[in-house]
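These are my notes from going through the model. I kept to secondary structure, sheets, helix packing and cores.

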Amino acid sequence: MRRSFPFAAIVGQQEMKRALLIAAVDASIGGVLVFGDRGTGKSTAVRALAALLPPMRVVAGCRYGCSPVPDAALCSECAARGRPLPEAVAPVPVVDMPLGATEDRVVGALDLERALTRGERAFEPGLLARANRGFLYIDEVNLLEDHLVDLLIDVAASGENLVEREGLSVRHPARFVLVGSGNPEEGELRPQLLDRFGLSVEVATPADIASRIDIVRRRDAYDRDPAGFCDTWAPEDARLALRIEAARALLPHVDVPDSVLEQAARLCMALGTDGLRAELTLLRAARAVASIEGETVATVAHLRDVAPSALRHRLRRDPLDDSGSSARVNRAMMEVFDSGPHE
Amino acid sequence: MVFSQEKNQTPHIRMGIEGEIWQSAVTALCLLAVDPRLGGVALRAPPGEARTRWLALLAQSGLVVRKMPAGIGDAALLGGLDLAATLAAGRPMRSIGLLESAAGGVIVAAMAERMDAGTAGRMAAALDSGGLGLVALDEGVAPDEQAPAALLDRLAFHVDFAEVSHRDTDGSGLECGEIAAARARLGGITAGDDMLEALCGTAAALGIDSVRAPLLALRAARAAAARGGRAEVSLEDAALAARLVLAPRATILPSPPPPQPPDGEPPPEPPAPNDASPEPRPADGPQAQEDAPAPESHKLPDQACEIILAAAQAAIPAGLLARLRQQDFRGKAKSQGRQGAVQKGGQRGRPVGVRAAAPGPGLRLSVIETLRAAAPWQRVRAATSVMAPPGRLHLRREDFRVTRLQARARTTTIFLVDASGSAALARLAEAKGAVELLLADCYQRRDQVAVVAFRGCGAQVLLPPTRSLVRAKRSLAGLPGGGGTPLAAAIDAGFMLAEAARRGGCTPTLVLLTDGRANVTRAGTGGRAVAQAEAAAAARKVRAAGMAALVLDTSSRPGPEARGLAACLGALYIPLPFVNATSIRAATLQR
């Protein structure tokens, strides 16, 4: 198989890269929504990140990629097997969900082949099973049918896929980072769905010629000699991989002081976001950023880093008001953070 | 899309350019054969001799060529279990998908403009993974009928054969040996940084956003160098690449545009002087952004860039400028945006029963019902069957039952807004307010909306069907008023949109905001009587098609004209003075 484009070699797109790193460090963040034009390296970045991550330990022969570590969630097949479970190593999966995918293909369905040729009732896993513990990438998520998006976000949040159809009853773990991309000009996502994505980023083609030349040059070098190009960038990629591993280990130990909590709450209040999901995501993201930077205490600076990504898509808005939400978040941050703490 | 007479004349093309287009198409074909990673060719052409000859050349190129029918299903595209063969053989039989069988070759997709988004997505993924080329045959006529944008972005060459006939082709064949030799040389071709910079600079100067374009251009240049037997990409190679790859994607002209060839004479008697050029207004952001990077072109690094830019510029088709604004719609939103909401008859939705049919594209086998259909025959079949071992279930093709699905048809609300000077001017603001309220309502119901404005000598689709409310609002906000009332052209435009929406599985509703006082004919000339008659005829056509409509009379004193129009349309008639926006909403809902 061809090696993926190295993550470290992606030019620019800092915000998207950071959001993906946060999701890689803390999968519970709830997915990343990437809005932007075609040809801005969205899917390249997702694939590159997955290739960067260390291969995972899986139960050998498990169709759902269950983790063999004790007290991990298991599919019914693995749960039925005796411990210790046989182990194998597999790369972190990236699953593409095509726009026209049917519900069958997504959640899985009766295995027709076995039903018809052997008369067995068996479950044929869908895309959700393949994406377990990896990434599920949906291009043009805003054009996906609402009920499918709903279903995906439900599964992503609960970490489990429950199938009840055609006399089948299957339950299997499905923990994945949902990455949706789209162009808001082509249609909007319902606000309820928007709110359920953890982070959102806006990407654009770099406007300056120098970075565009850089992009084309690197991509061209990669296309002509994938192996050589990847080797050149391997040290940097390895460094990044180490950082992710360290961050994952550090994450549970990152402390969020009350003052930062308060600032986060005030920011969300100032922006009038509904519900507590905004605050929670903001804190998780700040904690993840702190851990990526190797720090044990999350600060207001970390909040500032992640606030636009965490809040931009949650602002209650008039559907006919087109003032930029990034601008609104930045304005609110200036008001809240720069006015000094209240007592 | 401009529906007035004026734009219906094809922009005139210089002599001999058709031959050049043919030559470019052949060159593109050669380059693709040399480097299949160029993605492929989007060939916009009516079926005809020129296209046939080009495809014949493709067949000579030594590439494996596979045809992809329109509306191909996943099973045929990706392969999978062949149910009928499996049952006949008694063991799993797989069918090989098109993508697999075409590996290393080229897929020729017929009617690419009708390709659905799911198939396009899979094709795009296949193109990205390399080892496969695509020739998208696009038979679209209307400018918005185009191959999916996600694919167009990945295909290096965009060729338009609209004006090319068999007389422009020549008998040239392809040199297979030459191509193979060029292919062998390809790996060793280097491209200097100056060429790279020049191609990137040219792309930026032409307002091309996607980074794929310069990347594909670079590949094309390299393939050209390999063909020419050069070890390094020369200026001519880069210029050729710019001409073939970058020029068709241009969205702006870098320098002051050359005097534009007249698209057609303005109508003899324009109802108002400011309507002589019914130019599509810069309806939304992209236009503003386009203007921004333009100054970049002034600091183009060097001579190489200028030469390449000039080459690209010379290849920009003459009619392009006139279509640029409309390309904003096309490139960014149109095809994909609409396809997302398409309700395929019975492909999705909630199940409403079963019917006998073999499962296939979009048809889901209902296992329980299939077994139920087979059950009564088991004893008979077991007795007559020779092959199958005892105890096996005997299923035949005729037992297959598929689930019927019913999806709620979405509504597409098409607003026809009269922006003429006659009477609407005074009430244009009010009409806009009413439309905005309706838009907010459409947003809640996830309807699609489209906006057609008419004034002066023609009607213009401000916004093709979309769910993006922001765009709808923007398109209305800047709507200027004044001019005559080309009502017939407006109803025609609305009717075309409505038919397209209906083909896409949506239920169209026309909402006319007008005083009904038509005074401009379809031909763009004045003449109240003719204009009224034409409008009435157009309205009756809508009624005959059974489309729901609503007429909001915007004149200050509701008159018989709008009422008569409503009668012709079979529409609900509401005089605006007596309604507020809320009751308009109630009325649309009711329709």
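Entry 1, chain B overall. I counted 23 helices and 15 strands in chain B, taken as DSSP runs numbered from the N terminus (H or I of at least four residues for helices, E of at least two for strands). This is a predicted model, in which local features need pLDDT of at least 70 and side-chain atom pairs count only at pLDDT 80 or more, while totals for chains, interfaces and linings use all residues. Residues are numbered from 1 along each chain as its sequence is written, and chains are lettered from A and ligands numbered from 1 in the order in which they are written. Of the 591 residues in chain B, 49% are buried; a residue is buried with 20 or more other C-beta atoms within 10 Å of its own, exposed with 12 or fewer, and partly exposed in between, C-beta atoms being placed from the backbone. I also looked up contacts, meaning C-beta atoms, placed from the backbone, within 7 Å. Among those in chain B between residues at least 6 apart in sequence, 80% join residues at least 24 apart.

Entry 2, the five-stranded sheet. I read the order β2-β5-β6-β1-β7 (chain B) for this open sheet, with parallel pairing; strands pair if DSSP finds at least two bridges between them. β2 (65–68) and β7 (157–160) of chain B are the edge strands, each pairing on one side only. Strand β1 (residues 40–44) of chain B is joined to β7(B) by four bridges, and Arg44(B) has Asp160(B) as its bridge partner there.

I found four bridges between β14 (residues 548–553) of chain B and β15(B), which run parallel; Leu550(B) stands opposite Leu572(B). Axes here are lines fitted to C-alpha atoms, for helices over the stretch in contact, with angles from 0 to 180 degrees between N-to-C directions.

The axes of α1 (residues 14–25) and α12 (residues 277–292) of chain A come within 9 Å and cross at roughly 95 degrees. α1(A) and α12(A) are therefore roughly perpendicular, the term for 65 to 115 degrees. Leu21(A), Ile22(A) and Val25(A) in α1(A) meet residues of α12(A) including Ala285(A) and Ile292(A).

A nonpolar core is a set of buried Ala, Val, Leu, Ile, Met, Phe, Trp, Tyr and Cys residues joined through C-beta atoms within 7 Å. The largest has 189 residues, with Leu282(A), Leu199(B), Ala220(B) and Ala242(B) making the most contacts inside it. Helix α11 (residues 212–228) of chain B gives the largest share, eleven residues. A second, separate core of 60 residues includes Phe454(B) and Leu513(B).

Is Ala221(B) buried or exposed? I found Ala221(B) buried, with 30 other C-beta atoms within 10 Å. Ala221(B) is in helix α11 of chain B. Its C-alpha atom is 7.0 Å from that of Leu240(B), 19 residues apart along the chain.

Conventions: Angles under 35 degrees count as roughly parallel, over 145 as roughly antiparallel, 65 to 115 as roughly perpendicular and the rest as oblique. Two residues are in contact if their C-beta atoms, placed from the backbone, lie within 7 Å.
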